[in-house]
Amino acid sequence: LNGQHIAVAEIETLEFQSFHDIQGRHKVSHSFGPRLSHGLDNVVVIKFKSGTNIKTNFLQTEWQRLQKFEEILICYHQKGILQWLTLLDILEIKDFQKIQEFKNRTRGNDSQAGE
């Protein structure tokens, strides 16, 4: 974050308030011309175990979307840092059967799946 490394052990939770803005995609605008997104309207709140919080915007490009970091996001969930429903939303898993398959695949040492 801003050039500094944050140890996962210091993080209480990650709350993604918005994460659908992708750089270069068309964006609704109030002008007549087309407008492409800069990909910066994504917001995460990092809550630390120390009690401090950081709220920041982050860039997403087609090549560096959150869902491309599936294994890292699964680890965050398994450590209790990322909520199950947020994980499903980021990965765009909506179908009941696919949710069940994903839950079984990620359950391993995850005691919080489905919560």
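A: Let's begin with burial: a residue is buried under 20% relative accessible area, exposed over 50%, and partly exposed in between (1.4 Å probe, protein chains only). Before we apply that, keep in mind that this is a predicted model, where local features need pLDDT of at least 70, side-chain atom pairs count only at pLDDT 80 or more, and totals for chains, interfaces and linings use all residues. Residues are numbered from 1 along each chain as its sequence is written, and side-chain values use heavy atoms, with hydrogens and water left out.

Q: Is Ser37 buried or exposed?

A: Ser37 has a relative accessible area of 6%, so it is buried. Ser37 sits in the loop between strand S1 (11-18) and strand S2 (42-48); helices (H or I, at least four residues) and strands (E, at least two) are DSSP runs, numbered from the N terminus.

Q: Which residues is Ser37 in contact with, beyond its neighbours within four places in sequence?

A: Contact means heavy atoms within 4.5 Å. By that rule Ser37 touches Asp21, Ile22, Gln23, Gly24, Arg25 and Lys27. There's also a polar atom of the Ser37 side chain 2.8 Å from the backbone nitrogen of Gly39.

Q: What is the overall layout of the chain?

A: Along the sequence the pattern is β-β-β-α-α-α, with 3 helices and 3 strands. Of the 115 residues, 33% count as buried. Among contacts with a separation of 6 or more, 50% come from residues 24 or more positions apart.

Q: Which residues have the most contacts inside the largest nonpolar core?

A: A nonpolar core is a set of buried Ala, Val, Leu, Ile, Met, Phe, Trp, Tyr and Cys residues joined through side-chain atoms within 4.5 Å. Here the largest one has 21 residues, and Leu14, Phe16, Leu87 and Phe102 have the most contacts inside it. At least two residues of this core come from each of S1, S2, H1, helix H2 (84-90) and H3. H2 gives the largest share, 4 residues. Setting aside neighbours within four places in sequence, Leu14 is in contact with Val44, Val45, Ile46, Tyr76, Ile81 and Leu82.

Q: And how many salt bridges does the structure hold?

A: For a salt bridge, look for a side-chain nitrogen of Lys or Arg within 4 Å of a carboxyl oxygen of Asp or Glu. The structure holds 5 of them. Take Lys47 and Glu15, whose closest N and O atoms are 3.3 Å apart. This pair links distant parts of the chain, Lys47 in strand S2 and Glu15 in strand S1, 32 residues apart. Lys47 is partly exposed at 29% relative accessible area, and Glu15 is partly exposed at 33%.

Q: What is the mean pLDDT of the chain?

A: pLDDT is the predictor's confidence in each residue, from 0 to 100. The chain's mean is 87, and 87% of its residues reach 70 or more. Over residues 109-115, though, the pLDDT is below 50. Where pLDDT is low, the predicted coordinates should not be read in detail.

Definitions and conventions:
Polar contact = N/O pair within 3.5 Å; in protein donor to acceptor, adjacent residues only side chain to side chain.
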